[in-house]
Amino acid sequence: RTLGAEAPQPIQKRSRMTFSEAVMSGFHAVQKNKEMGFVVLSKAITGCTWNIAYGLGFALRVQELAPNDTRSFGLVIAAYGIGNFLGAVYFGNLQRNRPAFMMFIGYVWLGVGFVLTALCPTILWILPVALVTGFSGTMNEVTFADLVQMHFPVSEISRVFRLRVATDTGATLVLMLLSPLFFRLISVQAVFAICGIAWMIVGLVGLAKYHRILDQPRLTTARL
């Protein structure tokens, strides 16, 4: 070692963030932007109701219309999946200049699809409805990523996504635990329709109050 040279300082490892700290860091980031707070809340509401309708509602609805017919259930899920794939190809390559408007329209679109699914009298009616409903899926996901990049600096993006995952999965857990009670107290059709109506309400509120503000990027923030 050269005489008089300073000894290298040991690299201090940063302590790993706890789950609560990670969630709260996202909460504090979103607190600065009321409109994005509504977006995160909307993802929690639509996420948990989507899981009820898609994860349980489709299966129970098919069971009502075609008891013990696994082929019909497979066709319904395949129809939704094909629509979702086509939507991903289309909207994923579309220039999204107004992501908030697109996201809230997507909420209304999917909500209408769920309500129509609840009203369909036969499997043959559900298949095209599921296809068209699935097509809107990407409108609700890639646009959220666009909005986060538009309104938060790079250092806060991961925090917002962690908050979104925590609120979404937490709301889903609560609603899934309560879902047997809901299905017993009211019909499968009603639960399915209520999930769709929740999507429609959130979408309409977003269109009425927030999309114009959200579609104006914050010029002082960095984008990926």
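Helix H8 runs from residue 188 to residue 209. In this predicted model, H8 has 22 residues and reaches 32 Å from its first C-alpha to its last, close to the 32 Å expected at 1.5 Å a residue.

| Helix | Residues | Reach, first to last C-alpha | Expected reach |
|---|---|---|---|
| H4 | 21 residues | 30 Å | 30 Å |
| H8 | 22 residues | 32 Å | 32 Å |

Which residues of H8 are buried? They are Val188, Val191, Phe192, Ala193, Cys195, Gly196, Ala198, Trp199, Val202, Gly203, Gly206 and Leu207. As you read those numbers, keep a general point in mind: an α-helix has 3.6 residues a turn, so residues three or four places apart point the same way. The cover over the buried residues of H8 includes H2, H4, H6, H7 and H9. H4 is itself mostly covered, with 15 of its 21 residues buried.

**The whole chain**

Of its 224 residues, 43% count as buried. Among contacts with a separation of 6 or more, 84% are between residues 24 or more positions apart.

**Rings that meet**

A pair of rings is described by the distance of the centres and the angle of the planes. The count comes to 18 aromatic pairs. One of them joins Phe38 and Tyr210, which are stacked at 4.5 Å centre to centre with 25° between the planes. This pair links distant parts of the chain: Phe38 sits in helix H2, while Tyr210 is in the loop between H8 and H9, 172 residues apart. Both Phe38 and Tyr210 are buried. Ring pairs also tie these two into a cluster, whose members include Trp50, Tyr54, Phe58, Phe192 and Trp199.

**The largest pocket**

Trp50 and Trp199 turn up again here. How many residues line the largest pocket? There are 14, and Trp50, Gly137, Asn140, Glu141 and Trp199 lie nearest its centre. Two or more lining residues come from each of the helices H2, H3, H4, H6 and H7. H2 gives the most, with four residues. Sorted by class, the lining has five nonpolar, five polar and four charged residues. The volume of this pocket is about 170 Å³.

Leu65 lies in helix H2. Is Leu65 buried or partly exposed? Leu65 counts as partly exposed because its relative accessibility is 30%, and that class falls between 20% and 50%. Leu65 touches Cys120, Pro121, Thr122, Ile123 and Ile126, leaving aside residues up to four places away in sequence. The C-alpha atoms of Leu65 and Pro121 are separated by 7.6 Å, although the two residues are 56 residues apart along the chain.

Then look for Asp168, which lies in helix H7. Asp168 counts as buried because its relative accessibility is 12%, and the cut-off for buried is under 20%. Its contacts, again leaving aside residues up to four places away in sequence, are Lys43, Ala44, Gly47, Cys48 and Asn51.

Note on methods
Residues are numbered from 1 along each chain as its sequence is written. This is a predicted model: local features need pLDDT of at least 70, side-chain atom pairs count only at pLDDT 80 or more; totals for chains, interfaces and linings use all residues. Side-chain values use heavy atoms; hydrogens and water are left out. On a 1 Å grid over the protein atoms alone, a cavity is a set of points where a 1.4 Å probe fits but cannot get out, and a pocket is an open set with protein on both sides within 12 Å along at least five of seven lines; lining residues have an atom within 4 Å of a point. Grid points are joined across faces, edges and corners, and a volume is the space filled by probe spheres set on the points. Ala, Val, Leu, Ile, Met, Phe, Trp, Tyr, Cys and Pro count as nonpolar, Asp, Glu, Lys and Arg as charged, and the others, Gly among them, as polar. Buried means under 20% relative accessible area, exposed over 50%, partly exposed in between (1.4 Å probe, protein chains only). Contact means heavy atoms within 4.5 Å. The expected span of a helix is 1.5 Å times one less than its number of residues. Rings of Phe, Tyr and Trp (its six-membered ring) pair if their centres lie within 6.5 Å; planes under 30 degrees apart count as stacked, over 60 as edge-to-face and the rest as tilted.
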